[in-house]
Amino acid sequence: MIPRSALRRFLPSVLALLCLALSTASSLRAEGEVKFPADGSSIRFTPPVGWKISHEDDGTMICTAPDAQYFFALISGKDDIHDMYNELPGVARTLGDKSKLTDTDAGHSSEWDNHNGLKIFIYSFKGKRDGQDIDVVAAGLVPAKGDTCILLCVATPKAQEAHDNAMRAVMRSLKTAAD
């Protein structure tokens, strides 16, 4: 049994550590749902806990993992994409070319119908950059109302695997901004 004098002496320290741990944990939590684009007219999602969100001058939103080995970008398709199913592979390939990918494979397309008010088209392919294997996944997001956008991930297979659960949670959290 612990003597009362020891409990009295250590209790303030234990409480202080507990408060510190709770405050640190709450500072790492995501802010909740994020809307895209900046005016919030198209989609919303919940970013993974601890990920950094930044906004580029062109309106692109970048979400970066704490280890900085993985990120995804949201790009507006407002004026450029009219037929997401047929145009997404070309857009993804263009973005892959800009990433200096070589030795790319044929790729694979799939489609999700009405996920939380969004129609989602997925196009993925593999390539190499500087001799290293790279996976590219582009998700075309088409809300019933609002502008289309593309969620793009370009990473090594190891980084994709390490952040697979976080990205699955992001995809499950996607909703139209109108909901």
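The largest pocket holds about 520 Å³ of space. To find its centre, select Ile122, Val137, Gln160, Asp164 and Met167, the closest to that point of the 22 residues in the lining. Then colour β6 (108-115), β7, β8, β9 (149-155) and α4 (164-173), the elements that each give two or more residues to the lining of this pocket. By residue class, the lining divides into 12 nonpolar, 4 polar and 6 charged residues. The model on the screen is a predicted one.

Next, select residues 118-129 and 132-143, which are strands β7 and β8. The two strands run antiparallel and are joined by 12 bridges. Within this pairing, display lysine 119 and look across to β8, where valine 142 stands opposite. Then move to the turn, where 2 residues lie between the strands. Here aspartate 130 adopts a positive phi near 55°.

**The cysteines.** Select cysteine 149 and cysteine 153 in turn. Cysteine 149 has 1% relative accessibility and counts as buried. Cysteine 153 counts as buried as well, at 4% relative accessibility. Which cysteine sulfur is closest to that of cysteine 153? The closest belongs to cysteine 63, and at 9.6 Å the separation is too far for a bond, given that a disulfide requires sulfur atoms within 2.5 Å. Across the whole structure, a search finds 0 disulfides.

**The three-stranded sheet.** Now show β1, β2 and β10, which form an open sheet of 3 strands in the order β1-β2-β10, with antiparallel pairing. β1 (34-36) and β10 stand at the edges with a single partner strand each, so one side of each is left without a neighbour in the sheet. Zoom in on β2 (residues 43-45) and its pairing with β10, which is antiparallel and extends over 2 bridges. Arginine 44 can be selected here, with lysine 175 of β10 opposite.

**Alanine 177.** From β10 (175-176), continue into the segment that follows, where alanine 177 is placed. Is this residue buried or exposed? Alanine 177 counts as buried because its relative accessibility is 15%, and the cut-off for burial is under 20%. Display its contacts beyond four places in sequence: Gly40, Ser41, Ser42, Ile43 and Arg44.

Methods. Residues numbered from 1 in each chain as written. Predicted model: local features only at pLDDT ≥ 70, side-chain atom pairs only at ≥ 80, totals over all residues. Heavy atoms only, no water. Helix = DSSP H or I, 4+ residues; strand = E, 2+ residues; numbered from the N terminus. Buried < 20%, exposed > 50% of the residue type's maximum accessible area, 1.4 Å probe, protein only. Contact = heavy atoms within 4.5 Å. Pairing = 2+ DSSP bridges. 1 Å grid on protein atoms, 1.4 Å probe; cavity = no way out; pocket = protein on both sides within 12 Å on 5 of 7 lines; lining within 4 Å. Points joined across faces, edges and corners; volume = space filled by probe spheres on them. Nonpolar A, V, L, I, M, F, W, Y, C, P; charged D, E, K, R; others polar.
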